[in-house]
Amino acid sequence: MNFLTIGHRGVMGVEPENTLRSFVAAQAAGLDLIELDLHLSKDGALVVMHDAEVDRTTDGTGPIAEKTLAELRTLDAGRGERVPVFEEVLDTVKAPLQAEIKDVAAARALAEVMHRRDLTSRVEVSSFHDEAIAEIARLVPGVRTALIASRYGTDVVERATEAGAATLCLNIRRLTLEVTELAHAADLKIIGWVVNTQDHLRLVRALQLDGATTDYPEIKRTGRFTA
């Protein structure tokens with residue numbers, strides 16, 4: 001089985017999350033995919049940051065949606081890194097990407113970039129929100145999509161199927177064998193998050209998941225030996 005390892009916001013366990021520095025480190029570690037998060041700035045730029053506010057990960061305060069890209073560029077995102085935009089990530093690393101979108105508006109902005117740069121084969125789009133997945137699928141035919149869920153039951157399999165997602169990204173703390181078997185029976189891939197310890201890794205391998213999202217590059221090295 002080809003077990004995928006996905007770098008969570010790059011390798012956020014060792015580098016500032018969602019920065020070019022973190023993405024370069026994830027690629028250097030040989031992780032199969034790099035996961036990142038997208039928000040729209042006040043002037044419509046696809047900004048790479050997890051939270052809707054800049055407070056936690058920069059030296060600034062306030063919502064991303066109320067700041068222009070120029071204003072966001074003045075912030076320190078950790079170790080002197082600047083807040084990147086999606087296009088910069090595309091130019092900086094060559095690894096496949098998993099781009100998480102938070103709403104339909106971000107889906108529309110991302111669709112424009114995907115068409116312009118022909119990214120259907122390189123970028124998988126993920127979201128907690130079914131409607132965002134449905135929108136990107138409508139706008140970018142053939143795009144690969146993943147439904148993310150933190151608190152869920154067996155109904156998450158039906159949700160993913162109805163949204164047209166090929167993959168489920170599931171919180172391993174709530175993962176059960178029943179959900180895993182139902183998902184695989186529906187031909188869905190399952191990625192577990194966040195897998196940061198050997199115990200977590202043994203769990204996802206025992207459940208025969210298709211991959212793991214991790215904060216640490218060491219998971220790539222040990223994952224192939226863990227069953």
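In this predicted model, strands S1 (4-7) and S8 each contribute at least two residues to the lining of the second largest pocket. The space within this pocket amounts to about 160 Å³. Its lining comprises Leu-4, Ile-6, Leu-33, Pro-96, Gln-98, Ser-121, Glu-124, Arg-144, Ala-166, Thr-167, Lys-189 and Ile-191, a set divided into six nonpolar, three polar and three charged residues.

Thr-167, one of these lining residues, belongs to strand S7 (residues 167-171), which is largely enclosed by the rest of the structure because five of its five residues are buried. In a regular strand, side chains alternate between the two faces of the sheet. Both faces of S7 are covered, with Thr-167, Cys-169 and Asn-171 buried on one side and Leu-168 and Leu-170 buried on the other.

Strand S7 pairs with two strands. Four bridges connect it in parallel to S6 (residues 144-149), and Leu-147 lies opposite Leu-168 of S7. The chain passes from S6 to S7 through helix H6 (residues 155-163) in a right-handed β-α-β crossover. Strand S8 (residues 189-193) also runs parallel to S7 and is joined to it by five bridges; here Leu-168 stands opposite Ile-190.

The largest pocket has a volume of about 200 Å³. Of its 13 lining residues, His-8, Glu-35, Glu-100, Ile-148 and Trp-193 are the closest to its centre. Strands S2 (33-40) and S4 (97-101) are the elements that provide two or more residues to this lining, which consists of five nonpolar, four polar and four charged residues.

Notes:
Residues numbered from 1 in each chain as written. Predicted model: local features only at pLDDT ≥ 70, side-chain atom pairs only at ≥ 80, totals over all residues. Heavy atoms only, no water. Buried < 20%, exposed > 50% of the residue type's maximum accessible area, 1.4 Å probe, protein only. Pairing = 2+ DSSP bridges. Right-handed = clockwise from strand over helix to strand, strands pointing away. 1 Å grid on protein atoms, 1.4 Å probe; cavity = no way out; pocket = protein on both sides within 12 Å on 5 of 7 lines; lining within 4 Å. Points joined across faces, edges and corners; volume = space filled by probe spheres on them. Nonpolar A, V, L, I, M, F, W, Y, C, P; charged D, E, K, R; others polar.
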